[in-house]
Amino acid sequence: MEKTVEQIMLEHTEACLKGNIEEAVSHYCEDAFVVSQNGVFRGRDEIRKIMVNMAENVVTPGTKHEILHIYSEGNIGYGEWRAENDHIAVLYAVDTFVIRDGKIAVQTAGIVAKPK
Amino acid sequence: MARTVEQIVEQHSANLVAGNLEAVMADFCEESFMITPQGIIKGLDALRKHFDDTIKYVLTPDVKTENILVRSEGNIGYVIWKADGDRFSIPFATDTFVIENDKIMVQTFGSVVNKK
């Protein structure tokens, strides 16, 4: 049975929080891209670098993560969240996903984070 | 000549700040929808009410807005902006746009709002 957009988002969030980088990367189309404050990241190899940075510096083991809102409409997903661990506080983050054939074709991300 | 995605994003922002509701609405169609922290806004009537309320009650003359960053990739637009007024400050906000045939099909929005 086809996954819903929200299921895809939640599975991706779980993989990111567990540091399952290859699983998180597999959630993207081969030609996916991510747009963030730091630039545009095209293809799985570049997106892997984001996942590695997130795992090493943002959502490290033991991070408290809270989803504020999650919505979807058609093939668009939207999630707001925040997180905290010993070395960083993500005060606010919002992601938008464009889903195609069960995978993330586009993600945009905005984040407000403060090192501790 | 067709507008670029960045031109559409910048014009949307300028039209909203100028309080030009008709110009804002001209960039949407009946299939357009928006996702905000408050939920999903679908169709021209609901979007008109949303932007009318934004112009009347949020972007009052005391509020100054500033686009920090505008980027695009394919048909995706992305903006980071901030605002400050007498009643609130928005130290961080981000909008994502999905553009098709010179129209905003999808807009998502997230922000940090601090009341004064």
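Visitor: Which residues does A:Gly79 touch, not counting residues up to four places away in sequence?

Guide: The model is a predicted one. In it, A:Gly79 touches A:Met9, A:His69, A:Ile70, A:Ala93, A:Val94 and A:Asp95.

Visitor: Where is A:Gly79 placed in chain A?

Guide: A:Gly79 belongs to strand β4, which covers residues 76-84 of that chain.

Visitor: Is A:Gly79 buried or exposed, and why?

Guide: A:Gly79 counts as buried because its relative accessibility is 8%, and buried means under 20%.

Visitor: What separates the C-alpha atoms of A:Gly79 and A:Thr13?

Guide: A distance of 9.9 Å separates these C-alpha atoms, although A:Gly79 and A:Thr13 are 66 residues apart along the chain.

Visitor: Now the pockets. What volume does the largest pocket have?

Guide: Its volume is about 860 Å³. The lining comprises 39 residues, and B:His50, B:Thr54, B:Val58, B:Trp81 and B:Phe109 lie nearest the centre.

Visitor: Which element gives the largest share of that lining?

Guide: That is α3(B), with eight residues. By class, the lining of the largest pocket has 22 nonpolar, 11 polar and six charged residues.

Visitor: And which residues lie nearest the centre of the second largest pocket?

Guide: They are A:Met54, A:Trp81, A:Asp95, A:Gln107 and A:Ala109, from a lining of 34 residues. This second largest pocket holds about 660 Å³ of space. Strand β4 of chain A is among the elements that give two or more residues to its lining, while the largest share, six residues, comes from α1(A).

Visitor: How does that lining divide by class?

Guide: The second largest pocket is lined by 22 nonpolar, 10 polar and two charged residues.

Key: Residues numbered from 1 in each chain as written. Chains lettered and ligands numbered in written order. Predicted model: local features only at pLDDT ≥ 70, side-chain atom pairs only at ≥ 80, totals over all residues. Heavy atoms only, no water. Helix = DSSP H or I, 4+ residues; strand = E, 2+ residues; numbered from the N terminus. Buried < 20%, exposed > 50% of the residue type's maximum accessible area, 1.4 Å probe, protein only. Contact = heavy atoms within 4.5 Å. 1 Å grid on protein atoms, 1.4 Å probe; cavity = no way out; pocket = protein on both sides within 12 Å on 5 of 7 lines; lining within 4 Å. Points joined across faces, edges and corners; volume = space filled by probe spheres on them. Nonpolar A, V, L, I, M, F, W, Y, C, P; charged D, E, K, R; others polar.
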